[in-house]
Amino acid sequence: MRTLLVLAGSTVFLSGCGAASDVSNLVTSTPNSAALAVAELNVQDGNTAISAYFVANGSYAGATTTSLRTMQPGLSPTVSVTATADGYCIESVVDGATASVRGPGSAAPGPGSC
């Protein structure tokens with residue numbers, strides 16, 4: 001609550017300087033950035049799980065969110081997977097921020113959906 005009051009007070013104070021929009025952009029963009037970072041970590045965990053699935057099955061075919069949770073029990077409930085015999089896409093949506101990775105061979109999770 002104290003932080004919110006400080007930010008509100010800063011907004012009122014800075015509005016005379018034309019910087020109020022900077023403060024409001026900071027307040028609204030920070031949660032989205034944090035949500036995206038969490039979604040990317042969730043996708044990375046899914047990527048680890050699907051790698052284990054491939055080792056166990058010799059293919060990505062049949063990989064589901066449920067089977068990935070078997071490989072990695074702590075996998076976030078926000079993770080979903082779409083898989084074919086030779087490829088996959090893993091996605092996570094956290095507070096409206098979406099991250100995904102396509103594989104195999106994709107570099108790292110990034111913003112956007114499958």
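1. Going along the sequence, the chain runs α-α-α-β-β-β-β. That comes to three helices and four strands, with helices (H or I, at least four residues) and strands (E, at least two) taken as DSSP runs numbered from the N terminus.

2. A word on what you're looking at: this is a predicted model, where local features need pLDDT of at least 70, side-chain atom pairs count only at pLDDT 80 or more, and totals for chains, interfaces and linings use all residues. Residues are numbered from 1 along each chain as its sequence is written, and side-chain values use heavy atoms, leaving out hydrogens and water.

3. On burial, 31% of the 114 residues count as buried (under 20% relative accessible area; exposed is over 50%, partly exposed in between; 1.4 Å probe, protein chains only). The chain exposes about 6600 Å², and 61% of that comes from carbon and sulfur atoms (Shrake-Rupley method, 1.4 Å probe; for residues, only the protein chains shown count as cover).

4. For contacts (heavy atoms within 4.5 Å) with a separation of 6 or more, residues 24 or more positions apart account for 37%.

5. Now the cysteines. There is one disulfide (a pair of cysteine sulfur atoms within 2.5 Å): Cys 89 and Cys 114, with their sulfur atoms 2.1 Å apart. The link is left-handed, at -95° about the S-S bond. It ties together distant parts of the chain, 25 residues apart: Cys 89 sits in strand E2 (residues 88-94), and Cys 114 in the segment after strand E4 (110-111).
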